[in-house]
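Here is a short note for a colleague opening this entry for the opening look. Please keep the structure in view while reading.

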Amino acid sequence: MKPPTLPVADLPFVDLPFVDLKAQQRRLGGRIRARIDAVLGHRQFILGPEVTELEAALARFTGAAHAIGVSSGTDALLIALMAEGIGAGAAVFMPAFGFAATAEVALALGAEPVFVDVEPQSFNIDAQDLERRIGAVLTAGRLTPAAVIAVDLFGLPADYAALDDVARRHRLLVLADAAQSFGGRIGEVPVGRLAPVTATSFYPSKPLGCYGDGGAIFTGDDDRAARMRSIRVHGQGADPSDIVRLGVNGRLDTLQAAILLAKLEVFAEELAAREALAALYDQGLKDVVTTPARIPGRQCAWAVYSILTDRRDQVRQALAGEGIPSMTYYRRPLHLQPAFERYGEGPGSLPISEGLCARILSLPMHPYMDRDTAGRIIDAVARALK
Ligand SMILES: Cc1ncc(COP(=O)(O)O)c(C=O)c1O
């Protein structure tokens, strides 16, 4: 009898992880355990001293006046929108090529997502298409444009200068979804200070990841920061027994903050190692597939290294056959997801996003990969496309 064909996701990945958390643990395990032990010692598991220490360290790292530790990247987006009073009747613009969280937070607040196409090279939201979609919303007259969520896809910061120009003319909040780009920068300005509000994620596989869920919000605005801190703890006022606004339970755990403090010590080095791996991939793959755009002045955090090829599924299968994991971020644009399609205009309405979903392929990316392994992956991609 013929053996059943395994779906790609079930093929055995022998020795080559997509993200190597074990290698990082070998390096940092002692420091992380010491940090965890300190928390077990003082037992302030909720908003303990490590959360305050981490917030100060994150503010120093980014230069942002305020860094607020929260329970996840999704909650960071939610709290940021809540702090602006965004709700029913508001249009929240976002790239169609991206992660579900952006659409889900808008809808959770009673607002509506409006999907915008992306730039074919950077994969980030296209400011010109944003302008067009704002025009369409204004003409329809049903919703009021309120915010744009710019997703720094795969770690590359979006074009904030162009977005800021559109946003100022239409009085929109620019919310940076930096879940994948923490550690990136434009010129000398780090992610965290590129937009009035920035949300990031510390999901374990992110450039700076904890051992569970976690996130942070950055802003330079004192009043906004105060509102977000209040929303993070059920809308509490100066006296915690007063509930002065609608809030959530959106706190970052002390244990996760402790783990992040240990990891933050080596984060700059890890970012440099990610960049070095990206450069190796660029060099080895530039004649074989479309490698990620390099935009002068913009430094990617390389959460993910993604190539474009018309024979994506064939490459993925061939890599799997050699024990090399790969991923497709994302196989379907948001406007064609069953949960969100009623807010979009169907197939063909966001052509760049739809085209990217058919061709994108993400390769293993982490700071602990050696040159031989990178070479093995490059050779395998080239072989698959011969
Ligand atoms: C672009 C983007 N936005 C938001 C999120 C949500 O972050 P979290 O998983 O921490 O809620 C993610 C995480 O996967 C993401 O990649």
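How many Å separate the centres of domain 1 and domain 2? The points below start there.

1. **Domains.** The answer is 24 Å, taken between the two centres over C-alpha atoms. Bear in mind that this is a predicted model. Domain 1 is made of two stretches, 8-20 and 267-384. Domain 2 covers 26-264.

2. **The contact between domains.** Domain 1 puts 30 residues into the contact, and domain 2 puts in 32 residues. On the side of domain 1 that touches domain 2, the elements giving two or more residues are helix H9 (267-285), strand E10 (298-299) and helix H11 (351-359). H11 gives the most, with five residues. What classes of residue make up this side of domain 1? There are 21 nonpolar, seven polar and two charged residues.

3. **Overall fold.** The protein chain holds twelve helices and twelve strands. Its radius of gyration is 21 Å, close to the 21 Å that the globule rule gives for 386 residues, so the chain is as compact as a globular protein of that length. Along its principal axes, the C-alpha trace spans about 65 × 60 × 50 Å.

4. **Helix H1.** Look at residues 21-42, which form helix H1. This helix has 22 residues, yet its end C-alpha atoms are only 27 Å apart. A straight helix would reach 32 Å at 1.5 Å a residue. Where does H1 bend? The bend is at leucine 28, and it is about 70 degrees.

5. **After H1.** Arginine 43 follows H1. Arginine 43 sits in the loop between H1 and helix H2 (49-62). Its phi is near 60 degrees, a positive value in a residue other than glycine.

6. **A cis peptide bond.** Is the bond from tyrosine 329 to tyrosine 330 cis or trans? The bond is cis, with omega near 10 degrees. Tyrosine 330 belongs to the loop between helix H10 (312-321) and H11.

7. **The ligand.** How many residues surround the ligand? There are 14. The closest are Ser72, Gly73, Thr74, Ala179 and Ser201. By class, the shell has five nonpolar, seven polar and two charged residues.

Note on methods. Residues numbered from 1 in each chain as written. Predicted model: local features only at pLDDT ≥ 70, side-chain atom pairs only at ≥ 80, totals over all residues. Near = placed C-beta within 6 Å. Nonpolar A, V, L, I, M, F, W, Y, C, P; charged D, E, K, R; others polar. Domains from an automatic or database assignment. Contact = placed C-beta atoms within 7 Å. Helix = DSSP H or I, 4+ residues; strand = E, 2+ residues; numbered from the N terminus. Expected span 1.5 Å × (residues − 1). Bend = angle between axes of the 7 residues up to and from the residue. Rg over C-alpha atoms; globule rule 2.2 N^0.38 Å.
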